[in-house]
Amino acid sequence: LAASELGKRRKEEEVRDRMTINSSKDVYNCFYPLMCDLPTEECWVLLLNQASKVIDKVRIGVGGLSATVVDVRCVLREALLKRASAIALCHNHPSGTVSPSAEDRALTRRAASAAELIDIQLLDHVIITPDFEKFYSFADHGEL
C-alpha cells in the first residue's frame, strides 16, 4: 500500500528539466551565480549523462586566494559514483585574472588523460572571474 502511494505521489510531481550542456557558455552559466563572489578559489566538477544533461555538480577543491588543490582521483570518483558519461571542470579566479596558470593547464591535461582511460570525456575546463561574462574555456582555445 505504501509503495502504491509513493508511486502515485511521484506521478503527480512536476518533472524536473535538467539543464543541457552544449557549450562553454552553458558551463559558465551553470557556475557563475555560484562562484562569482567567492573570496577564495574553488574547483567544481559538472557531471553529465550521455545526452549532456546535468546529473550533478560537486565541489572538489577549496583553496586560498590564488590556488586550490584538486586531486584528479576525487574528480573521477564522483563521475563513477554518479555514472557520468562526461564531465566539465570549473574553477574561479577571485583576482579577476582570466588567463590559466601552468598548474591549471597541467590539471586539465591530467584530468583529460585519466578520464579517457575510463571512457569518460572531459568536455571543458572553465575559469570564471568575478567580472560578468569574462571567462576562459580550455575547449574554446583548443586545449582539449
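In the predicted model, the side chains of arginine 73 and aspartate 71 meet in a salt bridge, with an N to O distance of 2.8 Å; a salt bridge is here a side-chain nitrogen of Lys or Arg within 4 Å of a carboxyl oxygen of Asp or Glu. Arginine 73 counts as exposed at 66% relative accessibility, whereas aspartate 71, at 28%, counts as partly exposed; buried means under 20% relative accessible area, exposed over 50%, and partly exposed in between, with a 1.4 Å probe and protein chains only.

The model is predicted, so that local features need pLDDT of at least 70 and side-chain atom pairs count only at pLDDT 80 or more, while totals for chains, interfaces and linings use all residues. Residues are numbered from 1 along each chain as its sequence is written, and side-chain values use heavy atoms, with hydrogens and water left out.

A search of the whole structure finds 7 salt bridges. One of them joins the side chains of lysine 25 and glutamate 133 at 2.8 Å, N to O. This pair links distant parts of the chain, 108 residues apart, since lysine 25 lies in helix H2 (residues 24–35) and glutamate 133 in the loop between strand S4 (121–128) and strand S5 (135–137); helices (H or I, at least four residues) and strands (E, at least two) are DSSP runs, numbered from the N terminus. Lysine 25 is partly exposed at 27% relative accessibility, as is glutamate 133 at 44%.

Glutamate 143 also forms a salt bridge with arginine 105, their closest N and O atoms being 2.9 Å apart. Because glutamate 143 lies in the segment after S5 and arginine 105 in helix H4 (residues 102–117), the pair ties together parts that are 38 residues apart in sequence.
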